[in-house]
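Reader: I would like to learn how to read a structure of this kind with care, one feature at a time. Could you show me the sequence and the coordinates, and then let me ask about what I see?

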Amino acid sequence: MRVLLADDDTETAGFVARGLGKLGYALFGRDGQRVAGALRTRGPGPGLGTIPSIDPREGPDVVRALTTDLPHGYRLVVAQDTEDIERFDHTILSLFGVAFGLIVLLGVGAALLLGGYLRRRLERLGAPVRAIVGGDLDSRMPVSDGHDEFDQLALALNAMLDRIAQLLENLRQVSSDVAHDLRTPLAQLRGQLEAALDVPRDSAAYRIGLKRAIVQSDDLLALSAAILRISEVEDGAVKRTFARIDINDLVTDLCDSFAPAVADGGRTLTCDAAPGLALSGDRELLAQALVNLLDNAQHHIPPGARITIAAAGDAATVRLTVADNGPGVAPEDRERITRRFVRLDSSRATPGHGLGLNLVVAVAQTHGGTVAIDDNQQGLRVTMTLPRLTE
């Protein structure tokens with residue numbers, strides 16, 4: 001598009017040949033007639049805008065022009081052809097079209113690749129799920145080396161399946177252990193009742209037999225209550241009632257309550273609780289766990305021995321420890337005594353059902369902690385490590 005023209009063909013040819021076809025001017029007199037310049041147009045008004053012109057190749061066209069008033073009534077018009085702008089716009093549109101097409105192709109390709117990847121990963125996760133539904137509870141989700149979101153999901157599902165497997169194993173163990181442990185007291189209860197039936201009702205032996213039967217019944221009720229309490233703790237429903245617990249107050253109250261009873265048994269109870277320790281939990285459950293550890297220590301250490309309840313911590317944890325200087329427990333038995341109904345040979349003569357330490361473990365796990373059983377140089381040390389409450 002060439003819109004800047006001279007007065008005749010010769011001038012126009014020279015004007016274009018000099019490369020001035022993109023920019024031209026015209027000078028108008030006060031009567032509005034063009035007196036100089038190669039731009040062929042009528043005298044426009046002052047200012048910046050578009051004006052009509054004549055292109056020698058394309059005919060009438062529009063150019064952008066700046067009109068300035070000069071002294072003595074003259075008016076100067078400087079105009080620029082929009083051909084380069086139009087060509088640039090056309091180039092931009094072409095590039096945009098090509099880029100848009102490439103983006104669409106890349107998007108479709110990426111969608112197909114992503115869809116295939118997701119389908120393969122979901123199929124890998126679906127196969128173990130179908131196996132588990134079919135009864136293979138040992139199946140687990142595959143985990144790749146990429147550690148992407150699918151791997152994180154697989155790890156979480158595997159942790160959930162491990163927890164379910166553990167609960168099922170506990171259920172099978174509890175069912176078996178309950179049946180085994182109830183057999184003896186039920187047989188004893190039946191024997192006591194049969195013995196009472198064999199004597200006259202008004203005799204002393206009859207009343208003694210009934211009293212022994214009542215003792216056996218109380219023992220069975222205590223066993224059932226302990227099992228239900230452990231199940232309640234493991235269920236996790238108690239977490240809804242968690243509140244702030246001052247560990248120093250908890251340990252101090254326990255020591256004040258149990259020190260006289262421990263002293264009556266010929267043993268010594270000492271307490272050492274660091275101030276400022278707190279955690280979120282159930283005060284009754286934590287107190288019950290410490291009482292269980294204290295009762296175990298009293299039952300298994302001789303008179304004259306020493307029991308210590310200590311509370312310490314760091315920036316992240318609180319450690320509750322019950323230690324004694326008694327005979328202790330062999331290293332190979334320390335993990336086993338935390339299971340339900342497990343009692344060592346040395347404990348057979350003492351009352352109990354082997355549920356005390358299992359309740360301690362359940363309480364610690366409910367509070368997000370762990371239980372460690374270690375040697376105390378001479379004796380045994382049981383430590384509950386629980387998350388500390390930061391204020």
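Reader: Is Phe150 buried or exposed, and what is its relative accessible area?

Author: Before the answer, keep in mind that this is a predicted model. A residue with under 20% relative accessible area is called buried, and Phe150, with a relative accessible area of 15%, is buried.

Reader: Which residue forms an aromatic pair with Phe150, and what is the geometry of the pair?

Author: For aromatic pairs one looks at the ring centres and at the angle between the ring planes, where an angle over 60 degrees counts as edge-to-face. Two aromatic pairs are counted in this model. The rings of Phe96 and Phe100 have centres 6.4 Å apart and planes at 20°, so this pair is stacked. Tyr117 and Phe150, in turn, form an edge-to-face pair, with 6.3 Å from centre to centre and 80° between the planes. Because Tyr117 belongs to helix H2 and Phe150 to helix H3 (residues 149–197), their pair ties together parts that are 33 residues apart in sequence. Phe96 and Phe100, by contrast, both lie in helix H2 (residues 83–133), four residues apart, which is about one turn of the helix. As for accessibility, Phe96 counts as exposed at 58%, while Tyr117 is partly exposed at 30%.

Reader: How should I read the sheet, and in what order do its strands lie?

Author: Strands of a sheet pair through backbone hydrogen bonds, either parallel or antiparallel. Here five strands form an open sheet in the order S7-S9-S10-S12-S11, with mixed pairing. Its edge strands are S7 (268–273) and S11 (370–375), each of which pairs on one side only, and the twist from one strand to the next averages 15°. S7 and S9 run parallel and are joined by six bridges, with Leu269 having Ile307 as its bridge partner in S9.

Reader: Why is strand S10 described as largely enclosed?

Author: Six of the eight residues of S10 (residues 317–324) are buried, so the strand is largely enclosed by the rest of the structure. S10 pairs with S9 (residues 306–313) in the antiparallel sense over seven bridges, Thr308 having Ala323 as its bridge partner in S10, and a hairpin of three residues joins S9 to S10. S10 also pairs in the antiparallel sense with S12 (residues 380–387), over seven bridges, and there Leu320 stands opposite Met384.

Reader: Which helices lie across these strands, and at what angles do they run?

Author: Helix H6 (residues 283–300) lies across S7, S9, S10 and S12, and runs at about 20° to S10. Helix H7 (residues 356–366) lies across S11 and S12, and runs at about 135° to S11.

Reader: Where is Arg334 placed, and what does it touch?

Author: Arg334 is in the loop between S10 and H7, and at 16% relative accessibility it counts as buried. Leaving out residues up to four places away in sequence, Arg334 touches Val329, Ile373, Asp374, Asp375 and Leu380. A polar atom of the Arg334 side chain lies 3.1 Å from the backbone oxygen of Val329.

Reader: What is the mean pLDDT of the chain, and where is the pLDDT below 50?

Author: The mean pLDDT of the chain is 81, and 87% of its residues reach 70 or more. Over residues 1–21, however, the pLDDT is below 50, although this stretch has 56 contacts in the model beyond near neighbours in sequence. Where pLDDT is low, the predicted coordinates should not be read in detail.

Definitions and conventions. Residues are numbered from 1 along each chain as its sequence is written. Side-chain values use heavy atoms; hydrogens and water are left out. pLDDT is the predictor's confidence in each residue, from 0 to 100. Contact means heavy atoms within 4.5 Å. Buried means under 20% relative accessible area, exposed over 50%, partly exposed in between (1.4 Å probe, protein chains only). Helices (H or I, at least four residues) and strands (E, at least two) are DSSP runs, numbered from the N terminus. Two strands pair if DSSP finds at least two bridges between them. Rings of Phe, Tyr and Trp (its six-membered ring) pair if their centres lie within 6.5 Å; planes under 30 degrees apart count as stacked, over 60 as edge-to-face and the rest as tilted. Axes are lines fitted to C-alpha atoms, for helices over the stretch in contact, and angles run from 0 to 180 degrees between N-to-C directions. A polar contact is a pair of N or O atoms within 3.5 Å; within protein, one must be able to donate a hydrogen and the other to accept it, and residues adjacent in sequence count only if both atoms are side-chain atoms.
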